[in-house]
Amino acid sequence: MADIAATAAPSTETTTLPARLAKSFVNRLVIIIPYLWLLFFFLVPFIIVFKISLSQTAISMPPYTPVLDFSDGISGFFAGFRELNFDNYTWLTQDALYFNAYVTSLIIAAISTILTLIVGYPIAYGMARAPATIRPTLLMLVILPFWTSFLIRVYAWIGILKPEGLLNQLLMSLHIISQPLVILNTYTAIFIGIVYSYLPFMVLPLYSSLEKMDYSLVEAAEDLGCPPIGAFWKITFPLSLPGVVAGCLLVFIPAVGEFVIPDLLGGSQTLMIGKTLWNEFFSNRDWPVSSAVAVILLLVLTIPIMFFQQAQAKAQEQGR
Amino acid sequence: MKSLGSIRRDFAPWNDPNAKPYIQFDKVTKKFGDFTAVNNLSLTIFEREFFALLGASGCGKSTLLRMLAGFEEPTAGRILLDGQDLRGIPPYKRPVNMMFQSYALFPHMTVEKNIAFGLKQEGMPGPDIEKRVAEMLKLVKLEQFAKRKPHQLSGGQRQRVALARSVAKRPKVLLLDEPLGALDKKLREETQFELMDLQQELGLTFVVVTHDQEEAMTMADRIAIMDKGEVMQVATPAEIYEAPTSRFVAHFVGNVNMFEGKVAEHTANATRITGATGAQIVVDNGGNAAAGSDIVFAIRPEKIKVSSKKPADAVNALEGEVYDVAYLGDMTVFHIRLDDGQIVRASALNASRVTEDPLTWNDRAWVSFRPDAGVVLTR
């Protein structure tokens, strides 16, 4: 960047050495800030969590051992270092509970993501095709639920979904059903909760990719003999794929680790990794095992996404 | 044989009373809310004609084209194509194709796939599609770009892909919305002739929308000049230029001098006009304006001769002073302020390198023109 800045204005008087150094420093600072942010608020906490995952649980404060500090001098620090091991990870593979929780979480997150896409796409499409004057209002309406606490909105769903709740009352008063439906404390309730909570994260990227699409492309497809539904699948949908991918990632990733929704709406039988993590941490007070669960969760999520993004970048390079 | 303009046109079905119209706009009106885009418009286009809709932006020309393509339905009136009423037929079932102003190339498809798109919709067998695509690529000279994506092409190349895609299905009518609007001037001039050749080669009917009068004049067999949703005049380029029927058309195409005045008298084969400021003009094509009625005499700058002395044989000669001169190389433009105050624009072709009678600013000068040099306009 510094080179570009320097070569772009070679004739100006400001391209003296100190000025160029100052410019390159400013340019670097701009890049350094996000890196520093990631270092202090992501990498450092991750290293701490990773270290705890290699420790052993203990009845003490903090509840694990060894605690790496310099109270016993440098030698004490290294002695503690040698006590670290991968026992907790071995433990995770031995108890099927964790594997099942991971798999269930991934499946629930995948199904919820597809459901959110199915619900969100028509909303985003409708918004993008709405008259330009009312689009800001529609956008506002999508964001509006964020103004209420997430927890309160999830609690509200209990009131709607429980056997004597609003939904069952409505359906029974309309004589559509005679027995109340059991929705609360099932996977269905989790799907409803996730689709509802994460819908804006799906709609917004979809809307932004659909909104900037040139509608004359669809007209051109129709002009060339393609009926509207065909034109949607051959033109509109492929061109909105970046939005689809972004929306799906934004929903899938937090949904895998979701804790509040399965806890409040899914009841005690549903098994999701976020809940397992919570139980290990707060009920069992086993920080090392819960840290190991968290580290594995991170790997399960980041490694496929990294491969996916690399493949996408490659495809883009070839296409462009 | 006398004829308007310098081109003799042998293709002129509009002069043949037995010719069958191909596209007919029959009292078509299109309203968007309160706004009337097209107002009770009737128009006939013939098979194999290169027809241009010319007008300023917002005059309704694009709406007319979109109604023909099927993207808009007329509020009232009928559109007939080859005798068939198009009402209710969706765009994907109409035998017309359109070349969009933005080209509307599918960005996620290669040039080849873009051109093949319409053929696939038709259900044409694979080998035939390949053959037709190759043919189209050859036609627009883009064979080596078949595998490229649209963003890897230059503006001119994209324009050709759009053209190839829109003619690949061999439509009955090709609609072109500002086909050359996005090209630079030089490329535009070249492409104008290419489009004309292509139309001849394929034998298609072209309807082109443009705001560029030069483009319309160059390419079209006939031009419809539009204003505020109405057709002001439909005629060949030469007729539009040499025999406009209204002040609007005379003004819209090319430069023109207007003399406000009254018809003084009609004689056997001439009409005498008295200008509002006193100029006396004699014309031999006075039309049927009644004596004493208000008219405008319109004359193109190149029909006016400028000289330092009064030409001996001139029927019409007015005296004035050189107000401004511009030497443009191929011609010289004079602005002469007549003694009655009116400024007349005259252009002289520099047919020889040396001039006998040079003029400069503030010289006394005479403008003269033949009795058939201008037209009398009543509206």
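Helices in these legends are DSSP runs of H or I with at least four residues, and strands are DSSP runs of E with at least two, both numbered from the N terminus. The views are taken from a predicted model.

**View 1. The span of chain B that UniProt lists as an ABC transporter domain.** The unreviewed UniProt entry gives "domain: ABC transporter" for residues 23-253 of chain B. Of the 379 residues in chain B, 39% are buried. Among contacts in chain B with a separation of 6 or more, 65% are between residues 24 or more positions apart.

**View 2. Domain 1 and domain 2 of chain B.** The domain assignment divides chain B into domain 1 (13-250) and domain 2 (255-377), and the C-alpha centres of these two domains of chain B are 39 Å apart. Where the domains meet, 5 residues of domain 1 of chain B and 6 residues of domain 2 of chain B take part in the contact. The domain 1 side of this contact in chain B consists, by class, of 3 nonpolar, 1 polar and 1 charged residues.

**View 3. The interface between chain A and chain B.** On one side of this interface are 15 residues of chain A, in contact with 18 residues of chain B. Helix 10 (216-223) and helix 11 (228-239) of chain A each provide at least two residues of the chain A side, and helix 10 of chain A gives the most, with 6 residues. By class, the chain A side divides into 8 nonpolar, 3 polar and 4 charged residues.

**View 4. E122(B) and its contacts.** E122(B) belongs to helix 2 (residues 111-122) of chain B. Once neighbours within four places in sequence are set aside, E122(B) is in contact with G225(A) and K169(B). E122(B) counts as partly exposed because 13 C-beta neighbours lie inside 10 Å. From E122(B) to K186(B), 64 residues apart in sequence, the C-alpha to C-alpha distance is 37 Å.

**View 5. S6(B), in the segment before strand 1 of chain B.** S6(B) is placed in the segment before strand 1 (21-32) of chain B. The C-alpha atoms of S6(B) and A238(B) are separated by 7.9 Å, although these residues are 232 residues apart along the chain. S6(B) has 6 other C-beta atoms within 10 Å and is therefore exposed, given that a residue with 12 or fewer such atoms is classed in this way.

View 6. The unreviewed UniProt entry lists "domain: ABC transmembrane type-1" for residues 102-308 of chain A. Those residues of chain A are 76% helix and 0% strand, with end C-alpha atoms 20 Å apart.

**View 7. Cis peptide bonds in chain A.** M61(A) and P62(A) are joined by a cis peptide bond with omega of about -5 degrees, and P62(A) sits in the loop between strand 1 (56-57) and strand 2 (64-65) of chain A. T65(A) and P66(A) are likewise joined by a cis peptide bond, for which omega is about 0 degrees. P66(A) is located in the loop between strand 2 and helix 3 (73-83) of chain A.

View 8. R285(A), a residue other than glycine, has a positive phi near 55 degrees and is in the loop between helix 14 (273-283) and helix 15 (287-319) of chain A. R285(A) counts as exposed because 12 C-beta neighbours lie inside 10 Å. A104(B), also a residue other than glycine, has a positive phi near 50 degrees, and its place is in the loop between strand 6 (96-99) and helix 2 of chain B. With 26 C-beta neighbours inside 10 Å, A104(B) therefore counts as buried.

Methods:
Residues are numbered from 1 along each chain as its sequence is written. Chains are lettered from A and ligands numbered from 1 in the order in which they are written. This is a predicted model: local features need pLDDT of at least 70, side-chain atom pairs count only at pLDDT 80 or more; totals for chains, interfaces and linings use all residues. Domain bounds come from an automatic or database domain assignment. Two residues are in contact if their C-beta atoms, placed from the backbone, lie within 7 Å. Ala, Val, Leu, Ile, Met, Phe, Trp, Tyr, Cys and Pro count as nonpolar, Asp, Glu, Lys and Arg as charged, and the others, Gly among them, as polar. UniProt positions are given in the numbering used here, feature names are shortened, and annotations may be inferred rather than shown by experiment. A residue is buried if 20 or more other C-beta atoms lie within 10 Å of its own, exposed if 12 or fewer, and partly exposed in between; C-beta atoms are placed from the backbone.
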